[in-house]
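Please read them with the sequence and the coordinates open.

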Amino acid sequence: YRIKVSALCHRALAWALRLLRGRVSVKSTHAFVFSRCTHGQADSVLQTYDLYADTHPSLCISPHMSGVLEEVVQRVRPPLVLELGMHCGYSSVRLLRLLPPAGRLITVELDPLTAELGEEIILVSGFKHSQFQVLTSSSAEAIHTLPSLLTDLDEGSREGFSLVLMDHDPQQYLPDLLSLEREELLRPSGCSVLLIRRKQRDLREILDHIGARPDCYCIKSERQGVTEIFCQKGNTGLDR
Ligand SMILES: C[S@@+](CC[C@H](N)C(=O)[O-])C[C@H]1O[C@@H](n2cnc3c(N)ncnc32)[C@H](O)[C@@H]1O
């Protein structure tokens, strides 16, 4: 009983602190993580982020969402991943940590300062530029530059992305998915697209579209605010 009360008190205190501290601050998130984590250790960087998010407002994906994300990365073992909405690099580090040895992440962030600080955190986590690339632009602009970027990669990666994480602007989810399809950037053998839902209505438009295209898409799972859709030309709609 005492443990339950103490856990409740901790949660109430964390909630009150987050409320008092108000808006999300990229600089304060970066400064906290940079100064307190053990440099070179991705696990320490993630733990420090979690500590920060306990008592400050944060845009990073939640621990439950992280669990779903990691499960998908371990299952898909993607050689090439696209992340739309890098923010301070929290989900980027979660992705990079579990990629196969030759795996590569391309991550997109609209805000230049956020992109710069997020990139520094990814480097502090011990990852190298041979493993990831940050594109500082809107997702729509980035997608247009991707075909030429992919031609410089190895043969396996040139086939396209086998995992895409969308956690940027929900109004862009559908237009960006359509652009990725048009530019033939999704791996023909199949691509998992993870959609982060923060508000109930976030996915309405994209899910309507997916429902109307069973030849190309199926919904694989919807858990903890993360929806996984599987895209494949000639999809039979059967569970994979
Ligand atoms: C919710 S945060 C992403 C959090 C991140 N996935 C994590 O867990 O650490 C959304 C980020 O997407 C960026 N963003 C918003 N609209 C965008 C767009 N159209 N293109 C690229 N980035 C965008 C924002 O600047 C913000 O940093």
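1. Glycine 190 sits in the loop that runs between helix H9 (170-182) and strand S5 (191-196). Helices (H or I, at least four residues) and strands (E, at least two) are DSSP runs, numbered from the N terminus. With 14 other C-beta atoms within 10 Å, glycine 190 is partly exposed. A residue is called buried if 20 or more other C-beta atoms lie within 10 Å of its own, exposed if 12 or fewer, and partly exposed in between, with C-beta atoms placed from the backbone. Glycine 190 is in contact with Phe230, Cys231 and Gln232, leaving aside its neighbours within four places in sequence; contact requires C-beta atoms, placed from the backbone, within 7 Å. From glycine 190 to phenylalanine 230 is 40 residues in sequence and 6.8 Å in space, C-alpha to C-alpha.

2. On the source: this is a predicted model, in which local features need pLDDT of at least 70, side-chain atom pairs count only at pLDDT 80 or more, and totals for chains, interfaces and linings use all residues. Residue numbers start from 1 along each chain as its sequence is written.

3. Overall dimensions. The protein has 240 residues and a radius of gyration of 18 Å, which agrees with the value near 18 Å for a compact globule. That radius is taken over C-alpha atoms, and the globule rule is 2.2 Å times the number of residues to the power 0.38. Along the principal axes, the C-alpha atoms fill a box of roughly 55 × 35 × 30 Å. The secondary structure comes to 10 helices and seven strands, and buried residues make up 39% of the 240 residues. Among contacts between residues at least 6 apart in sequence, 71% join residues at least 24 apart.

4. Domains. The protein is divided into domain 1 (2-55) and domain 2 (63-231), with bounds from an automatic or database domain assignment. Their C-alpha centres lie 25 Å apart. The contact takes 14 residues from domain 1 and 13 residues from domain 2. On the domain 1 side, helix H2 (26-36) and helix H3 (42-55) each supply at least two residues. By class, that side has eight nonpolar, five polar and one charged residues. Here Ala, Val, Leu, Ile, Met, Phe, Trp, Tyr, Cys and Pro count as nonpolar, Asp, Glu, Lys and Arg as charged, and the others, Gly among them, as polar.

5. Which residues touch the most other members of the largest nonpolar core? Of its 61 residues, they are Phe161, Val164, Met166, Val193 and Leu195. Domain 1 and domain 2 both give residues to this core, so it lies between them. A nonpolar core is a set of buried Ala, Val, Leu, Ile, Met, Phe, Trp, Tyr and Cys residues joined through C-beta atoms within 7 Å. Not counting residues up to four places away in sequence, valine 164 touches Leu82, Leu180, Cys191 and Val193.

6. The ligand. It is surrounded by 20 residues, the closest being Gly85, His87, Tyr90, Ser91 and Leu110; a residue is near the ligand if its C-beta atom, placed from the backbone, lies within 6 Å of it. The elements giving two or more residues to this shell are H5 and strand S2 (104-109). The shell divides into eight nonpolar, eight polar and four charged residues.

7. Helix H5 (residues 90-97) is largely enclosed by the rest of the structure, because seven of its eight residues are buried. These are Tyr90, Ser91, Ser92, Val93, Arg94, Leu95 and Leu96.

8. Leucine 110 lies in the loop between S2 and H6. This residue counts as buried, with 21 C-beta neighbours inside 10 Å. Leucine 110 and glycine 85 are 25 residues apart in sequence and 7.5 Å apart in space, C-alpha to C-alpha.

9. Serine 125 is in the loop between helix H6 (112-124) and strand S3 (132-136), and counts as buried with 25 C-beta neighbours inside 10 Å. Leaving aside neighbours within four places in sequence, serine 125 is in contact with Ala42, Val45 and Val93.

10. Backbone angles to check. Arginine 77, although not glycine, has a positive phi near 45°. Glutamine 224, also not a glycine, has a positive phi of about 55°; its place is the loop between strand S6 (217-223) and strand S7 (226-231). Most residues other than glycine have a negative phi.

Note on methods: Two residues are in contact if their C-beta atoms, placed from the backbone, lie within 7 Å.
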